[in-house]
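Biologist: I am new to reading models of this kind, and I would like to learn how to describe one feature after another. Could you give me the general idea each time and then the case at hand?

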Amino acid sequence: MDRDGILRIAKLARLEIEDGKIEKFTEEFNKILSYFEKLGEVNTKDISPFLLKNENVLREDEVIRFKDRDRILGNAPDRQDDFFKVKKVIEE
Amino acid sequence: MKGQIKEKIAGCIGKIKQADIKIHSFLEIFEHRAIEKAEQLDEKVKNGDKQGRLFGLPVAIKDNIVIKGERATCGSKILEGFISPYDAEVVKRLEREDAVIIGRTNMDEFAFGSSTETSAWGVTRNPVNPEFVPGGSSGGSAASVAAGFVPVALGSDTGGSIRQPASFCGVCGFKPSYGAVSRYGLVAFGSSLDQIGPFAGNVRDIKKIFEVIRGRDEKDETSVEFEPVYALKEKVVCGIPKEYLNCSEKVKSAVKKTIEQLPKNFEVVEISLPHTEYAVGVYYIIAPSEASSNLARFDGIRYGRRIDGSDLIDGYFKTRGSGFGDEVKRRIMLGTFALSSGYYDAYYLKAQKVRAVIKRDFDIAFKKVDLIIGPTSPVIAFKIGEITDPLSMYLQDIFTIPANLAGIPAISIPCGRGEMGLPVGFQIMAARFNDGFLLEAAEKIEEAISYE
């Protein structure tokens, strides 16, 4: 993984990384990735991926109204009436 | 007349205010809330009303478990200003039994760490020796109990975040079976690994809290109702994995002494968990993968910090870039990478397969033994600032991670002291949903051993 690779991952994850830290991030990332190579020693040819429970849990999709709407909206960094306010998404 | 409970709680808060300056186990004391609750409890006494099972018991709560009307930050700037609109299920259950919630405790940012050094609000110090870390990520909760501020505290454990700090601070810390306790209201980190559990000075108090918080909750679909059986067998077979003796000399000798002092009906046999050495690699692929997805919700739109950018997307970059610390960014990126197209099979899928192999090791072992015993951590508490390399920090979790990967219950109890009087923890694991048996055995072991 090189500097560009790190920047590509950071972009996918929507993370701004300070310029001065990219090199150190890259170095540590590579160290961790090479540690992961150890897993290649384990033969997993006929092994199914881990599952704690081999069945789906289903329920009705019912709407339950939250009583304290204002407590939720009160956390909004920016709001207008009963809406969370964000920067314009659609081009004019 | 001043009520007895109010006096007790006021005393507890006074002690924290005075002595926690040196430890920094609490991020906030809920003075108003705690005193108000204490007054209600005194009123109950006066009226002769029925008293809950935890009547007047002060409890500290890790900063990633939400309480209605209170702040919760997960040790992160990105949740600055957030006030929870609802109670976590465990908080509801504690308060229903008349426990008094005293405050929220410090933690590694988003529980990513093993030392409580990555908190955005400063480090917590080990009450045994303030130059050393308390362990992590639930370091604040462990320290609050070890310092004698509160008798019990809640933490969360994804790869050892309850047991390792319990071990470093010299208290008991219990990670229940996956599914035993509802995680509703616990800020999600690694959803296939996370469990909430208690810290206490002794196993009896651990049991008392576990009995209150455990059980099915329809708001956490992974939670399960089961009846723990608090009973032992005539002969208890304990397996000591030979892979778990790869630890520091002081830890090894404390663990060996503990094994020599086990109750008479405990038989010890050597076993093997042959894939132990792969647990850290598996964990640091799976946990960051789950975290990268869980932490996508922190975008500055509905709560917490927002830094505006040139457009909506740029705002995400700025909000997350300034709100998250370096370790959080690193883990999100590791997870994003492991799940990204072209790498998924080699990393995430491979890790899930090796996880199945590790789980199989335990299944085989529990056919022969009732308990698996050994050290909680390969080392005792290290100095603040001593470990700076991320991978070296990850390797601290080698003995605690396997229980999370397999979904089994595990407890750490104090078993000795190493250099500078720093505590050593003894870990006991049992098969999934044998939580009652495990706690019963831990209590017997706690009674049988002496050190110093």
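Modeller: Let us begin with strands: 3 bridges join strand E5 (residues 172-175) of chain B to strand E10 of chain B, and these strands run antiparallel. Helices (H or I, at least four residues) and strands (E, at least two) are DSSP runs, numbered from the N terminus, and two strands pair if DSSP finds at least two bridges between them. Please keep in mind that this is a predicted model, in which local features need pLDDT of at least 70 and side-chain atom pairs count only at pLDDT 80 or more, while totals for chains, interfaces and linings use all residues. Residues are numbered from 1 along each chain as its sequence is written, chains are lettered from A and ligands numbered from 1 in the order in which they are written, and side-chain values use heavy atoms, with hydrogens and water left out.

Biologist: Which strand pairs with E10(B) over 7 bridges, and what is the bridge partner of B:Ser412 in that strand?

Modeller: That strand is E11 (residues 423-429) of chain B, which pairs with E10(B) in the antiparallel sense. B:Ser412 has B:Gln427 as its bridge partner in E11(B), and B:Ser412 is itself the partner in E10(B) of B:Gly173. The hairpin of E10(B) and E11(B) has 5 residues between the strands, and there B:Met420 takes a positive phi near 55°.

Biologist: How many of the 8 residues of E10(B) are buried?

Modeller: Burial is read from relative accessible area: buried means under 20%, exposed over 50%, and partly exposed in between, with a 1.4 Å probe and protein chains only. In strand E10 (residues 410-417) of chain B, 7 of the 8 residues are buried, so the strand is largely enclosed by the rest of the structure.

Biologist: How should I read a pair of aromatic rings, and how many such pairs does the structure hold over all chains?

Modeller: A pair of aromatic rings is described by the distance of the centres and the angle of the planes. Rings of Phe, Tyr and Trp (its six-membered ring) pair if their centres lie within 6.5 Å, and planes under 30 degrees apart count as stacked, over 60 as edge-to-face and the rest as tilted. Over all chains there are 21 aromatic pairs. In one of them, the planes of B:Phe298 and B:Phe324 stand at 85° with the ring centres 6.5 Å apart, so the pair is edge-to-face. This pair links distant parts of the chain, with B:Phe298 in the loop between helix H8 (279-294) and helix H9 (312-323) of chain B, and B:Phe324, 26 residues apart from it, in the loop between H9 and helix H10 (326-339) of chain B. Both B:Phe298 and B:Phe324 are buried. By contrast, B:Tyr343 and B:Tyr347 form a tilted pair, because their planes are at 50°, with centres 6.4 Å apart; B:Tyr343 is partly exposed at 32% relative accessible area, whereas B:Tyr347, at 15%, is buried.

Biologist: Which residues form one aromatic cluster with B:Phe298 and B:Phe324?

Modeller: The cluster includes B:Phe82, B:Phe110, B:Phe112, B:Phe189 and B:Tyr303.

Biologist: Where does B:Arg355 lie relative to A:Phe50?

Modeller: A charge sits over a ring if NZ of Lys or CZ of Arg is within 6 Å of the ring centre and within 35 degrees of the ring normal. B:Arg355 lies over the face of A:Phe50, 3.8 Å from the ring centre. Within chain B, the charged end of B:Arg214 sits over the ring of B:Phe226, at 5.9 Å from its centre.

Biologist: How many disulfides does the structure hold over all chains?

Modeller: A disulfide is a pair of cysteine sulfur atoms within 2.5 Å, and the structure holds 0 of them over all chains. For B:Cys12, the nearest cysteine sulfur is that of B:Cys169, 17 Å away, and B:Cys12 is buried at 9% relative accessible area. For B:Cys238, the nearest is that of B:Cys415, 14 Å away, and B:Cys238 counts as buried at 0%.

Biologist: What joins B:Gly136 and B:Ser137?

Modeller: A cis peptide bond joins them, with omega about 10°. B:Ser137 is in the loop between E3 and H4 of chain B, and B:Ala111, which has a positive phi of about 70° although it is not a glycine, is placed in the loop between E3 and H4 as well.
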